Amino acid sequence: MFVSTAKELGAEVNVQIANGEIEEQKKQIEYFIKKGMDAIVIICIDSDELKSSVEKAKEAGIQVIAYDRLIKDADIDLYISFDNAKVGGMMADTLIENGVAGGSVLMLGGSLSDNNVPLVEGAFKEIMAENDVTVLDSFHADGWLAELAAEYMYSHMTAVSRADAIMCGNDDIASRVVPVLAEKRMAGRILVVGQDADLEACQRIVEGTQLMTVYKPVEKLAQRAAECTVALVQNETIVGEDVTTLNNGKYQIPYVALKPVCVTEDNINEVIINSGFHLKEDVYLNVPSKMP
């Protein structure tokens, strides 16, 4: 979607994929600098490791855009993502609306090298505190490896059994958490929330084993990022209702924050199916009797 939008705007796009390897990503940025790119759009793997790479790109007169993940303490030209604090707030609010106030939760998050993680978790914890919810424990899966969350569940069953809810950093982590709960006959009793609106998560929502997910329409993010990148290269000002600023630790930078959408069983047909994100037959695959 990014490539097609950029091409429509007259830009040529060179895509490099580092497969989660920070050293490979640094080499790719160096390659782009040598190629004399006008802009480099980076899905950051490790913010601390990329500061010097960003500095080199800026010295070469290249625009640097942080896509979905913030690059901290670096003089980037734009950060574009979904409102991550709102994601955490939606998770928390949905749990409170479903009776978790005064109860207990476990937090099983992703890698702390991903700057989105503390943004999501900070907003979540704030609402938990406001509603007298005890956070029993907080775990982070390095590299977003969901299997680590399953290992945590098996080795901390005492805490799991005390929890009224489990906040999962994304739906992939939830995909490992829910089967453990099912095995222990706790699925559906312990509320589970996640984000990304993965197909399996949507299936779990209609099945009743996951309470909610957060839908982040990635096609809108990609389109907006392409539009903003071309505008920056053409020395145009980024404007819109989604434009604000953000302090990345050292610099005040332009920030485009797209709105996420809370998805529960009540609105899954409208948000997920009617938008074409997932097919109705796929979402209700395991519970065809509930298909509208």
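**Entry 1: Ser-104**

I began with Ser-104, which is buried, its relative accessible area being 14%; buried means under 20% relative accessible area, exposed over 50%, and partly exposed in between (1.4 Å probe, protein chains only). I worked on a predicted model, where local features need pLDDT of at least 70 and side-chain atom pairs count only at pLDDT 80 or more, while totals for chains, interfaces and linings use all residues. Residues are numbered from 1 along each chain as its sequence is written, and side-chain values use heavy atoms, with hydrogens and water left out.

I placed Ser-104 in strand E4; helices (H or I, at least four residues) and strands (E, at least two) are DSSP runs, numbered from the N terminus. I then listed its contacts, a contact being heavy atoms within 4.5 Å. Not counting residues up to four places away in sequence, Ser-104 touches Val-133, Thr-134, Leu-136, Arg-162, Ala-163, Asp-164 and Ala-165.

For Leu-108, leaving aside residues up to four places away in sequence, I found contacts to Phe-139, Ala-149, Tyr-152, Met-153, Ile-166, Met-167, Cys-168, Gly-169, Ile-173 and Val-177.

**Entry 2: helix H8 against helix H9**

I noted that H8 and helix H9 (residues 199-207) pack at an angle of about 50°, with their axes 9 Å apart. Axes are lines fitted to C-alpha atoms, for helices over the stretch in contact, and angles run from 0 to 180 degrees between N-to-C directions. H8 and H9 are therefore oblique to each other; angles under 35 degrees count as roughly parallel, over 145 as roughly antiparallel, 65 to 115 as roughly perpendicular and the rest as oblique.

In this contact, Asp-171, Ala-174, Ser-175 and Val-178 of H8 meet Glu-200, Ala-201 and Arg-204 of H9. I sorted these residues into three nonpolar, one polar and three charged.

**Entry 3: helix H2 against helix H3**

The axes of helix H2 (residues 22-35) and helix H3 (residues 47-59) come within 10 Å and cross at roughly 0°. I therefore recorded H2 and H3 as roughly parallel to each other. H2 contributes Ile-22, Glu-23, Gln-25, Lys-26, Ile-29, Glu-30 and Ile-33 to the contact, and H3 contributes Glu-49, Leu-50, Ser-53, Lys-56 and Ala-57.

**Entry 4: Ile-42**

I found Ile-42 in strand E1 (residues 39-42), where it counts as buried at 4% relative accessibility. Ile-42 touches Gln-25, Ile-29, Leu-50, Val-64, Ile-65, Ala-66, Tyr-67 and Ile-71, not counting residues up to four places away in sequence. Its C-alpha atom is separated by 9.3 Å from that of Leu-70, 28 residues apart along the chain.

**Entry 5: positive phi**

Most residues other than glycine have a negative phi. I noted that Asp-68, not a glycine, has a positive phi of about 70°; Asp-68 lies in the loop between strand E2 (63-67) and strand E3 (78-82). Asn-235, also not a glycine, has a positive phi of about 60°. I located Asn-235 in the loop between helix H10 (218-233) and strand E9 (243-247), and Asn-235 is exposed, with a relative accessible area of 69%.

Terms used:
Nonpolar A, V, L, I, M, F, W, Y, C, P; charged D, E, K, R; others polar.
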